[in-house]
Each structure stands twice: as structure tokens, then as C-alpha cells.
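Me: I have a structure open and some questions about it. Can we go through them one at a time?

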Amino acid sequence: MNVLQTAQVSKSFGGFKALEMIDMTVEQGEIHAVIGPNGAGKTTLFNLLSGLYPATLGQILFMGEDITRRKAHQIARLGMARTFQNICLFPGMTALENVAVGRHTYSDASPLRIFLRPPFFKARGERVILEKAAEMLGLVGLAEKKGQFASNLPYGDQRRLEIARALATEPRLLLLDEPAAGMNPNETEQVLELIQMIVARGITILLIEHDMKLVMGIADRITVLNFGQKIAEGSPALIQNDPKVIEAYLGSE
Amino acid sequence: MINPYTESILIFVGINVILAYSFYIPMTTNQISGGQGAFMGIGAYVSAVLTVNFHLPFAAALAASGIAAGLIGAVVGFPALRIRGLYLVIMTLGFAEVVRVFFMTNEYFGGAYGFSGIEELTNLSNVYVVLAMVVFLLFRMERSHLGRAFQAIRENEIAGETLGINITRYKVIAFALGATTAGLGGALYAHYALFIDSNNFGFHRSIEMVIFAVFGGITSLWGPLAGAAILTVIPEFLRFIQEWRMVFYGLMMVLLMTFRPQGLLTKGMFRRSGPEG
């Protein structure tokens with residue numbers, strides 16, 4: 001079954017066509033990579049999928065449901081989570097609190113229950129949220145840093161914290177926007193392991209990666225964008241030898 | 001018994017802390033209001049009319065003034081969603097001016113002569129009961145998913161949205177709650193000042209609330225409390241320097257903002273690390 005399907009999805013900013021007629025499908029359980037040179041429209045695509053920008057044209061289906069006109073918070077509830085290229089954590093919260101925000105939609109506490117609960121009792125729902133958040137932190141290897149403010153964490157930990165926060169929403173599809181950007185080879189290796197672990201949990205992954213070599217080793221399927229258009233799609237082996245892709249990356253003779 | 005002078009200071013401390021919270025609450029979702037004075041005015045006038053003209057008990061008038069201010073706050077909160085930062089300050093300031101002129105020109109509310117004949121129904125105990133309720137609710141909220149949602153909106157709205165937080169809903173809730181709090185403060189003020197006129201709720205009043213909250217620190221729940229209390233009490237201790245009093249007051253603000261722009265208190269100041277599970 002297709003987790004995600006786009007039909008002729010386009011986005012213009014004024015006269016600039018950031019994305020043109022993108023048709024793509026992401027299948028259940030795969031690691032699907034979106035690659036392309038700078039400015040190809042990869043992040044714009046993510047912003048359309050997650051509902052941050054409205055599409056100018058086209059249709060987006062997620063789990064068979066039309067989400068083209070849905071708002072970001074509604075799409076999140078349907079089971080799509082994402083991370084950001086420029087890390088978007090809540091700097092004034094601890095690592096644990098950051099992940100707990102990811103559990104927002106699972107809170108069963110109505111405002112009335114928050115206020116009318118007798119003193120000195122921690123709400124059961126709140127306790128469950130924090131337990132689950134701690135579990136997610138453990139999953140990405142940040143269990144020991146749960147009390148630290150997000151802004152104080154080293155860069156690599158911040159990236160992993162963002163992944164933990166997205167996982168806390170229990171997504172079916174996880175969008176990762178350059179998860180290994182700015183990392184050293186050792187950290188990159190850890191992120192690749194983490195991605196594989198996430199897929200093993202049954203979560204489909206759509207991944208933007210700038211570095212083609214990195215993607216080749218991990219992706220099941222690759223979509224290549226260039227200047228807002230899809231120029232190729234297929235297995236890594238196929239993509240690697242596609243003349244259009246090679247041209248996009250290396251320039252034509 | 002405490003003497004009347006001390007009592008009046010304590011009552012004003014209580015009212016000012018409530019007012020400081022009215023600025024703080026929308027601020028927790030990054031909405032800077034420059035017009036909380038208007039909501040205070042709505043609470044003051046509504047409660048005064050209810051106790052004077054309709055002879056309602058004070059508790060009922062108090063509740064009604066909070067609800068009235070909150071409803072109007074929700075209405076203002078919707079257009080406010082699209083506006084950020086300094087622009088929101090100007091928008092709310094304009095709204096407050098409309099409200100002020102409305103009360104100044106409307107004969108039913110006493111017009112330019114103001115509204116007089118209000119009974120002294122505010123006392124130490126009801127001020128501090130209201131304040132305790134406000135603090136308790138805020139305390140509870142901050143330690144729930146609601147408070148986390150507010151903070152998430154303040155620190156990164158887009159990230160919050162992609163985690164399933166309905167930004168619109170929470171921003172309007174925060175704005176309306178702030179307005180409600182201002183309305184309560186206004187009702188308490190009206191029944192202590194005994195005479196109100198529209199100029200009590202103008203620009204100067206709105207800015208005063210901003211100063212209370214920012215001075216104390218707007219990242220901590222206790223900041224507005226500390227700020228309003230200190231800034232209400234200190235001028236009283238400075239009476240001996242007479243006309244230099246406000247100079248000192250202003251200087252204090254300049255110094256604090258220069259050396260501690262985050263305000264007196266900050267979040268997490270009283271704990272070594274984050275919450276433990």
C-alpha cells in the first residue's frame with residue numbers, strides 16, 4: 001500500500017516555480033530518499049507534505065486520505081512527523097520536555113481535569129506522557145540527558161533529540177530533512193543506524209539528503225529533483241547510472 | 001490588625017500582580033499585548049454597573065467581569081493571530097484606545113465624568129483569593145500539556161504545529177485568559193478605587209502591566225508576581241526622597257534592563273535541572 005502519493009503537486013512563490021508537477025509515491029515500510037542539488041525544491045516538498053505551505057496545484061494523499069488542504073497540526077495527527085534542516089527544537093525546554101511536546105495529541109487531560117485535580121497528585125495522563133517521552137529519549141540514546149536544556153546539547157544530540165520528538169508522535173511516516181547535515185563520519189554512522197532501527201519499527205521514512213553517497217547505502221528508492229522538477233526515480237543502482245542525474249550533479253560537458 | 005496604610009499597599013500589590021499576569025499569559029504564546037488596560041477597564045466598568053445599578057453580589061459581578069473581558073478578548077484574539085511582535089502591540093494599543101473612548105463618551109458608563117458611587121467591596125481577602133486562584137491555575141497549566149503547548153508556540157511555532165498543536169486554538173485561549181485576568185483585576189480595582197474613569201485604563205495602565213511582568217521576568221511563572229510586588233512596594237519606601245521618587249524608579253528599570261534584560265527571575269532558576277519524570 002502507498003503511504004504517500006502526490007499527483008502533479010506544484011508550488012510557486014510569486015513567479016518562481018519552486019516545484020512543478022511532482023508525481024511520487026512512497027510505499028509502506030521503505031526508506032525513500034529525495035535528493036537533488038541545492039535549491040532543487042526538496043525542503044519545499046517537505047513543507048507542502050507536512051502542511052506548512054499550501055500547494056499551488058495538485059493533490060497529496062496520505063494513507064489514502066486527501067490532505068492537500070489540511071493544516072499542519074491535522075496532518076500531524078494523521079501520523080506524519082518531520083524534522084527540520086535547520087534544527088527546530090524548543091531551546092528553553094529540557095530534552096525530556098521537548099519530546100513530551102511530541103506526545104501532545106495523546107494527552108487525555110481536558111482543561112477542567114488539569115485545574116480540578118486535587119493538589120499534589122500528578123495527573124495519570126501526564127505521567128504516561130513523561131514515561132513515553134523518556135522511552136523515546138532512550139531509543140535515540142539520550143536517556144542520560146533528559147534534564148538538560150535543548151539549547152545546551154551538542155549539535156549531534158540536538159539532531160537526535162529532534163528525531164526522538166518526531167517519533168513521540170508515533171508517526172506512520174517520518175520525514176527527515178538532512179538528518180546527517182553537519183555531522184562527522186562517526187555521528188553520521190550513528191544516524192544511519194538510528195534510521196534503520198526506525199524502519200524496523202514499521203515506520204516509513206522519507207529522507208532528504210544532500211550527500212548522494214550516503215543515500216546510496218541506505219535508501220530503497222530514490223527520487224531526484226532538479227530545479228523544481230522530478231528528473232528520475234528508482235532504485236539506487238538505477239539512479240547512480242542515470243545520465244540526467246549525473247548531469248544535474250556534475251553539470252553537462 | 002494591620003494598619004489601613006499597609007492594607008492598602010497590600011491590596012494594590014495583589015491587584016497589580018493579577019494585572020501583571022494578564023500580560024504574562026498571552027506572552028507565554030508570544031503574543032505581546034499593549035492593550036491589557038482595556039480589558040481591565042471592561043472588567044472595572046462591567047462589575048461597577050452590576051453592583052451599583054443591578055445590586056448584584058460582588059462575587060457574581062467579579063465573575064461576570066472576567067467572563068465579559070474574556071469573551072471580548074477571544075474576539076480580539078482572532079485577528080491578533082495573524083499579527084506578530086511590534087505590530088500586535090500597535091493593534092492591541094489601537095483596540096484599547098477604542099475601548100477607552102467608548103467608555104469616555106458613553107453616558108451609561110458616566111462618560112467623561114467617570115463612574116462613581118461604587119461601594120468598597122474589595123478587601124484583602126478577596127484580592128488574595130482571586131490572586132491565589134490565578135496563580136494556582138497558571139501553576140497547574142504550566143505543568144500540563146497545555147503549558148507545554150504554550151511554551152512550544154512561544155519558542156518555535158512551526159515545530160509545535162508539526163507536532164499536532166493547534167496554534168490558532170491555543171493562541172486564542174491564551175489571549176482570552178489574559179483578558180479574563182485583566183477583567184478580574186479591573187473589577188477588584190473598581191471596588192477599591194470607588195471611582196473610575198476611562199483614563200484609568202489607557203495606554204499608561206497597559207504599559208505599567210508590561211513593565212511589571214518584564215521587570216520580574218516573563219519566562220518564569222513567579223516573575224510577574226515578583227515584578228509587580230516590588231514595583232508597587234518600592235515607591236512607598238521612597239517617599240522620603242519625594243519628587244526624586246520616580247526618577248529612582250525609572251533608574252532602577254534602566255539598570256535592571258541593562259544588566260539583566262531577562263528580568264529578575266527566569267525559568268528553572270529554582271531547580272538544578274529539568275523535571276524528573
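Me: Which residues does I205(A) touch, not counting residues up to four places away in sequence?
Reply: This is a predicted model, so local features need pLDDT of at least 70. Not counting residues up to four places away in sequence, I205(A) touches I31(A), H32(A), L174(A), L176(A), I195(A), I198(A) and V199(A).

Me: Where is I205(A) found?
Reply: I205(A) is in strand β8 of chain A, residues 204-208.

Me: Does I205(A) count as buried or exposed?
Reply: I205(A) counts as buried because it has 24 C-beta neighbours inside 10 Å, and the cut-off for buried is 20 or more.

Me: What separates the C-alpha atoms of I205(A) and G234(A)?
Reply: 16 Å, with the two residues 29 apart along the chain.

Me: Is E178(A) buried or exposed?
Reply: E178(A) is buried, because 20 other C-beta atoms lie within 10 Å.

Me: And A181(A), where is its place?
Reply: A181(A) is also in the loop between β7 (173-177) and α7 of chain A. With 17 C-beta neighbours inside 10 Å, A181(A) counts as partly exposed. Not counting residues up to four places away in sequence, A181(A) touches Q85(A) and H210(A). The C-alpha atoms of A181(A) and A7(A) are separated by 29 Å, and these residues are 174 apart along the chain.

Me: What about the phi of E170(A)?
Reply: E170(A) has a positive phi of about 50° and is not a glycine. The loop that holds E170(A) runs between α6 (155-167) and β7 of chain A. E170(A) counts as partly exposed, because it has 16 C-beta neighbours inside 10 Å.

Me: Change of topic. Which domains does the assignment give for chain A?
Reply: Domain 1 takes 1-79 + 171-253, and domain 2 takes 92-170. Taken over C-alpha atoms, the centres of domain 1 and domain 2 of chain A are separated by 27 Å.

Me: How many residues does the contact take from each domain of chain A?
Reply: 10 residues from domain 1 of chain A and 11 residues from domain 2 of chain A. On the side of domain 1 that touches domain 2, the elements that give two or more residues are α2 (72-78) and α7 (185-200) of chain A. α7(A) gives the most to that side, with 3 residues. The residues of that side of domain 1 divide into 7 nonpolar, 1 polar and 2 charged.

Me: How many residues are in the largest nonpolar core?
Reply: The largest nonpolar core has 153 residues, and those with the most contacts inside it are A133(A), L137(A), A164(A), I18(B), A20(B) and Y45(B). This core draws at least three residues from each of domain 1 and domain 2 of chain A.

Me: What is A20(B) in contact with, leaving aside its neighbours within four places in sequence?
Reply: A20(B) is in contact with M209(B), F212(B), A213(B), G216(B), P224(B), G227(B) and A228(B), with those sequence neighbours left aside.

Me: How many residues does the contact take from chain A and from chain B?
Reply: 36 residues from chain A and 28 residues from chain B. On the side of chain B that touches chain A, α5 (124-142), α6 (145-155) and α7 (157-162) of chain B each give two or more residues. α6(B) gives the most to that side, with 7 residues. The residues of that side of chain B divide into 11 nonpolar, 12 polar and 5 charged.

Me: What should α5(B) span at 1.5 Å a residue?
Reply: The 19 residues of α5(B) should span 27 Å, and the end C-alpha atoms are 27 Å apart, which agrees.

Me: Which residues of α5(B) are buried?
Reply: V127(B), V130(B), L131(B), V134(B), L138(B) and M141(B) are the buried residues of α5(B). They cover an arc of only 95° around the axis, so they are on the same side of α5(B). S125(B), A132(B) and F136(B), on the other side of α5(B), are exposed.

Me: Last one. What is the count of buried residues in α11(B)?
Reply: The count is 0 among the 15 residues of α11(B), which is hardly covered. Helix α11 of chain B, residues 245-259, reaches 21 Å from its first C-alpha to its last, close to the 21 Å expected at 1.5 Å a residue.

Key. Residues numbered from 1 in each chain as written. Chains lettered and ligands numbered in written order. Predicted model: local features only at pLDDT ≥ 70, side-chain atom pairs only at ≥ 80, totals over all residues. Contact = placed C-beta atoms within 7 Å. Helix = DSSP H or I, 4+ residues; strand = E, 2+ residues; numbered from the N terminus. Nonpolar A, V, L, I, M, F, W, Y, C, P; charged D, E, K, R; others polar. Expected span 1.5 Å × (residues − 1). Buried ≥ 20, exposed ≤ 12 C-beta atoms within 10 Å, placed from the backbone. Arc of directions from axis to C-beta. Domains from an automatic or database assignment. Core = buried A, V, L, I, M, F, W, Y, C linked by C-beta atoms within 7 Å.
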